[in-house]
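Here are some notes for a first look at this structure. Please keep the sequence and the 3D view open while reading.

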Amino acid sequence: MTPAKTWGDVLKGRYPAKLHAKKVKEEIVKRGGDAKGLLYLEAQRSKLLEDNDEAAPFRQRRYFYYLSGCNLADCYLTYCMQSEKLTLFIPPIDPEDVIWSGLPMNIEEAMEKYDVDEVKTTEEVNSHLASSSTSTQTTLYAIPNQVSDEVTFLSFNSTDFDLLKPAIEICRVTKSDYEIALLRKANDISTAAHIAVMKAVSYAKNEAELEGLFLKSCIERGAKNQSYHSIVAAGENAATLHYVHNNAPIDGQDLLLLDAGCEADNYCADITRTFPISRSFSEESRAIYDIVLDMQKQCIAALKADVLWDDVHLLAHKIAIDGLLSLGILCGSADEILTARTSVAFFPHGLGHYLGMDTHDTGGNPNYQDPDPMFRYLRVRGKLPADSVITVEPGIYFCRFIIEPYLKDPAQMKFIDVEVLERYWKVGGVRIEDNILITERGCENLTPTPKEVDQVLALVNS
């Protein structure tokens with residue numbers, strides 16, 4: 001795999017669209033598809049804000065981007081599976097639009113920028129499709145609800161809306177060197193932003209101020225888009241797993257949980273750090289932090305190609321149970337607590353998820369109907385392949401809404417010491433999250449963000 005220090009060199013090349021297209025072709029054929037078919041995809045359409053003449057924020061369709069590397073709106077793409085010819089269609093130059101928005105990319109520039117075999121204008125899509133449907137190429141593959149009304153497939157004998165989307169989703173799980181370089185870049189930029197927030201937390205007044213600092217740090221490094229809405233949660237707000245308000249004062253609170261990451265050319269970082277607001281951990285917050293850090297380190301050490309993710313998630317719960325027993329929050333037998341699933345009250349979410357162009361990336365095969373509460377919200381089920389990237393994000397939370405029902409259940413309450421628990425509500429929650437590349441023999445941590453206690457304290461006191 002490409003060393004972290006050379007991601008800039010890797011990204012001097014072009015996004016490997018043809019490599020991805022061939023990979024998707026092979027997956028379709030593997031699933032019984034027509035090896036002489038044609039793949040068809042559309043970019044996101046440009047839109048105006050409702051009741052406004054201003055353009056809405058643009059987010060490229062990930063399926064289209066995976067086979068094109070093109071971040072332009074209103075484009076089309078075809079891939080001939082037999083000849084392996086990739087054709088991109090970009091909007092023609094509209095003199096009226098040039099007045100307001102400037103010159104768009106032309107055909108020559110697109111050929112230079114993108115890893116495609118041919119570039120045409122969007123006015124030629126239907127004629128191209130008609131000429132592509134021959135006696136030896138009769139099946140067209142497209143994605144449901146991503147085909148414009150003006151496009152016609154009438155010249156094809158067969159149109160398949162079932163195979164293309166799942167084939168791309170499976171292919172996206174394993175990453176090319178170029179994709180890994182983009183993930184490294186996103187992690188490096190996000191790390192700088194996390195460090196900036198750690199350095200500012202002791203004198204900041206509220207969560208919003210820190211969110212703004214994170215965004216500023218990313219934007220000034222060329223990353224204008226975020227992978228997701230940041231979670232900036234002080235004190236008991238951190239007990240809400242996907243806290244969204246980011247507007248509360250932080251004075252007098254114990255910890256700040258920062259879950260935030262930027263995009264680098266559509267590829268995501270997803271990093272969480274938890275650190276003291278008042279320059280030092282309290283006794284309770286330090287105890288929980290140490291348990292979560294141990295959970296994460298042991299789980300990362302267990303990773304390699306073909307490891308069963310369910311087993312790693314189970315390992316995290318076993319470590320959490322041992323830690324909470326040592327503090328006296330839990331009481332009784334570790335085996336009985338595991339069987340009763342009492343630890344789910346404190347660690348209710350899955351250990352992690354695949355990462356790529358989406359924060360919760362494709363191919364995880366979750367089972368949200370699982371009757372076992374320990375695995376119900378696990379976003380990845382099954383074995384991890386080499387070259388996949390997954391988050392490892394254990395946490396321990398003190399959420400009254402989740403824990404109090406356990407305290408009313410006789411089968412559960414016998415494992416929880418309410419008096420000891422009372423001292424920990426103020427901790428809110430601790431989560432530590434890194435982005436991990438799976439390799440044949442082990443794994444590589446793509447996230448350089450400081451997390452050791454001495455590193456964190458040095459930053460918040462700097």
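How many salt bridges does the structure hold? The count is 31. The model is a predicted one. The points below take up some of these pairs, then a sheet, a residue in it, and the cores.

1. Start with aspartate 358 and arginine 59. Their side chains form a salt bridge, 2.7 Å from N to O. Aspartate 358 sits in the loop between helix H12 (334-340) and strand S12 (389-392), and arginine 59 in the loop between strand S1 (38-42) and helix H3 (62-68), so the bridge ties together parts 299 residues apart in sequence. Arginine 59 is partly exposed, at 43% relative accessible area.

2. **Two further pairs.** Glutamate 118 and lysine 120 form a salt bridge whose closest N and O atoms are 3.9 Å apart. Lysine 120 counts as buried because its relative accessibility is 19%, and buried means under 20%. Lysine 216 meets glutamate 220 in a salt bridge of 2.9 Å, N to O. Lysine 216 is partly exposed, at 48% relative accessibility.

3. **A network.** Shared partners link some salt bridges into one network. Its members are Arg59, Arg172, Lys175, Asp358 and Asp361.

4. **An open sheet.** Look next at three strands in the order S7-S8-S11, paired antiparallel. Strand S7 (231-234) and S11 are the edge strands, each pairing on one side only. Neighbouring strands are turned by 10 degrees against each other on average, direction ignored. Strand S8 (residues 255-260) pairs with S11 over six bridges. Leucine 258 stands opposite arginine 273 in S11. Helix H9 (residues 207-219) lies across S7 and S8, at about 145 degrees to S7.

5. **Threonine 272.** Another polar contact, of 2.6 Å, joins it to the side chain of glutamate 433. Beyond four places in sequence, threonine 272 also has contacts that include His194, Leu257 and Arg431.

6. **The nonpolar cores.** The largest core has 83 residues. Leu256, Ile288, Trp309, Phe346, Ile396 and Phe398 touch the most other members. Helix H10 (residues 283-301) gives the largest share, eight residues. A second, separate core has 45 residues, among them Cys75, Met81, Leu163 and Cys171.

Methods. Residues are numbered from 1 along each chain as its sequence is written. This is a predicted model: local features need pLDDT of at least 70, side-chain atom pairs count only at pLDDT 80 or more; totals for chains, interfaces and linings use all residues. Side-chain values use heavy atoms; hydrogens and water are left out. A polar contact is a pair of N or O atoms within 3.5 Å; within protein, one must be able to donate a hydrogen and the other to accept it, and residues adjacent in sequence count only if both atoms are side-chain atoms. Contact means heavy atoms within 4.5 Å. A nonpolar core is a set of buried Ala, Val, Leu, Ile, Met, Phe, Trp, Tyr and Cys residues joined through side-chain atoms within 4.5 Å. Buried means under 20% relative accessible area, exposed over 50%, partly exposed in between (1.4 Å probe, protein chains only). Helices (H or I, at least four residues) and strands (E, at least two) are DSSP runs, numbered from the N terminus. Two strands pair if DSSP finds at least two bridges between them. Axes are lines fitted to C-alpha atoms, for helices over the stretch in contact, and angles run from 0 to 180 degrees between N-to-C directions. A salt bridge is a side-chain nitrogen of Lys or Arg within 4 Å of a carboxyl oxygen of Asp or Glu.
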